[in-house]
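Please follow the explanation below alongside the sequence and the structure.

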Amino acid sequence: MVTASIGLREAGRTFGATTALAGVDLDLGPGVTGLLGPNGAGKTTLLRLLATALPPTQGQVRVLGLDPEVPAERTGIRRQLGYLPQEIGFPRGFTAFAFVDYIALLKEWAEPAARHAEVRRVLDLVGLSDLGAKRIRAMSGGQRRRVALAQALLGSPTVLILDEPTTGVDPEQRVTLRIVLAEIARTSVVVLSTHQTEDVAALCERVIVLDRGRVRYDGAVTDLTGRAAGRVWLADEPDPAASVSWRTGTGRYRNVGARVRDGVEHVEPSLEDAYLLLRGGAAEHEPAGEVAS
Amino acid sequence: MTATLAPARPEATAGRATLAALAARETRRFIVNPVFLFAVAITAWTIWAGRDPAVTDIDTVSSYPAIFLGGFGMMATFWLTRSMRASEPVVGVAPVTLPARTAALCAVAIVPLACGGLALLGFLHFHPVSGPAYGPFSMSARIAVLAGQIMVPALGGPLLGIALGRWVRFPGAAFMLFLILYGWVTLVTILSLWHQDSAPVAVLRLFAPFAFFTTTAGNTADVTAWRGSPWFFIGWQLALCAIAVLVALLRGAEGRVRLRIIRALAIGLMLALILFVLAATGGFPHAVTA
């Protein structure tokens, strides 16, 4: 059995004079990997490279050992790929079932009975089994997102690339999605980009933080969270020493920063705290660690 | 949540089975397109309404199928081709390539072609080729004139719409092209009425995907046949159809497939040129009135 894998070597992508991704080296295996980063960090570009939607302008990308720049190999990748783009439009007049069924046809499910059964299965996975006959244009944003997600799950792909899968999805469905993805990730490579750090914390074993097209952090989620230990504290007022502070629901201020004064009330850090700390440049003061240059 | 997560994917049945299934799907989508349905209805009505056996000018009736099945068919396939554009981020990474999807779309043109065939049969039923309205053309040439005016545009228009949809982003492109072609055919027909024996005018008249071959202008009793070979004109039209298909297929084609398409396109263009020259130089050497 071939282990599902993705490899990038000095992979980069430019758009004119803009560098979206600069010399990224990554190896990804089965499991869920989360991609975090601010807007414009290169997350979507990286996912598009992995999804064969975009060729790199430098370096190499290998998905399941195949080269996406070779047409026949690219088709081979696409046969085992599920991709949810950040933005997707739907053709006018299509129902959820008809759209997913159309994509299933494009994924070479030519036999109608098997295809229809698969479409029903993935619609059920995303909680849309009752809404298959509903026109997509009449659906809410969250329901449309789930239709888009359903097509990505067709055929239980070996490589699943998800760009902000939980945008607009209600909490209950997000939990359902986590269960589904965790199951798929037993044998498949799942890469998801999100701004929801709680999704990454709940689902991913590994997190990659991108910033300005470069890998800023690559490691275990628990390790990144652990880096914020002792650097998150509560106070009655915003602490000028903190990199970031905000008023919480209790009326107290949550402060995150590298420079911590003595005697403050420390709290358990979250992945979001660690991410903010990393973004705030605090991690640069670390003597050693997994922060990439 | 009751669904299982067990992989249900069978062996991918690539190739012809997928293409056939996709072509059938696109055909179903095309058949229910309101523009195409309107085109079919209005074509049927115009043929029925023009059934007067005393008609002395076939052109007034024979051009409607070209306008509706061809012109409106072009707009319908243009829409069909562009309809998945919003979903391109997903559709574009499916294993079925863009040229394969285009090929499936091209198969849709069988429907308007069949409608054109039925329109031709209906027309022949109401206006038998033995009638005087066809002028001095031979029986076979009369069939060629009608096939070139009714059936082939019903095929060519939709194929042109697919090519346009693959290459042009402007949403009103098909309608614009329809107006341009309609305007061009009208212009060269008017020129032909003024200069019936002119070879350059005949060349201009035939340099179109649709052309008139007869007129009764100025004299309702006699029919004048214009210069040009109806049979070779059909050949020119079919070459244009092939070019439209190849241009559509070229979009997204890579490697050896792309080279083959480009080679076929070069052959198609040469063939079209030869057939056009034959159409313009063949047939009656000057206008003939019967």
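In this predicted model, 37 residues of chain A are in contact with 30 residues of chain B. On the side of chain A that touches chain B, at least two residues each come from helix H2 (71-78), strand E5 (81-84), helix H3 (96-106), helix H4 (112-125) and helix H6 (171-184) of chain A. H4(A) gives the most, with 6 residues. By class, this side of chain A comprises 19 nonpolar, 8 polar and 10 charged residues.

Attention may now pass to the interior. In soluble globular proteins, nonpolar side chains tend to be buried together. Here the largest nonpolar core has 173 residues, and those with the most contacts inside it are A:Val100, A:Ala150, B:Leu159 and B:Ala244. Helix H10 (residues 230-250) of chain B supplies the largest share of this core, 15 residues. Leaving aside residues up to four places away in sequence, B:Ala244 touches B:Gly156, B:Leu159, B:Leu160 and B:Ala163.

Helix H6 (residues 110-126) of chain B packs against helix H7 (residues 139-167) of chain B at an angle of about 165°, and their axes are 8 Å apart. Because angles over 145 degrees count as roughly antiparallel, H6(B) and H7(B) are described as roughly antiparallel to each other. The crossing of H6(B) past H7(B) is right-handed. Among the residues making this contact are B:Leu113, B:Gly116, B:Leu120 and B:Phe123 of H6(B), together with B:Ala147, B:Ile150, B:Met151 and B:Leu155 of H7(B). The contact of H6(B) with H7(B) has 13 nonpolar and 2 polar residues, and no charged residues.

How values were computed
Residues are numbered from 1 along each chain as its sequence is written. Chains are lettered from A and ligands numbered from 1 in the order in which they are written. This is a predicted model: local features need pLDDT of at least 70, side-chain atom pairs count only at pLDDT 80 or more; totals for chains, interfaces and linings use all residues. Axes are lines fitted to C-alpha atoms, for helices over the stretch in contact, and angles run from 0 to 180 degrees between N-to-C directions. Helices (H or I, at least four residues) and strands (E, at least two) are DSSP runs, numbered from the N terminus. Angles under 35 degrees count as roughly parallel, over 145 as roughly antiparallel, 65 to 115 as roughly perpendicular and the rest as oblique. A crossing is left-handed if the near helix is turned anticlockwise from the far one by less than a right angle, and right-handed if clockwise. Two residues are in contact if their C-beta atoms, placed from the backbone, lie within 7 Å. Ala, Val, Leu, Ile, Met, Phe, Trp, Tyr, Cys and Pro count as nonpolar, Asp, Glu, Lys and Arg as charged, and the others, Gly among them, as polar. A nonpolar core is a set of buried Ala, Val, Leu, Ile, Met, Phe, Trp, Tyr and Cys residues joined through C-beta atoms within 7 Å. A residue is buried if 20 or more other C-beta atoms lie within 10 Å of its own, exposed if 12 or fewer, and partly exposed in between; C-beta atoms are placed from the backbone.
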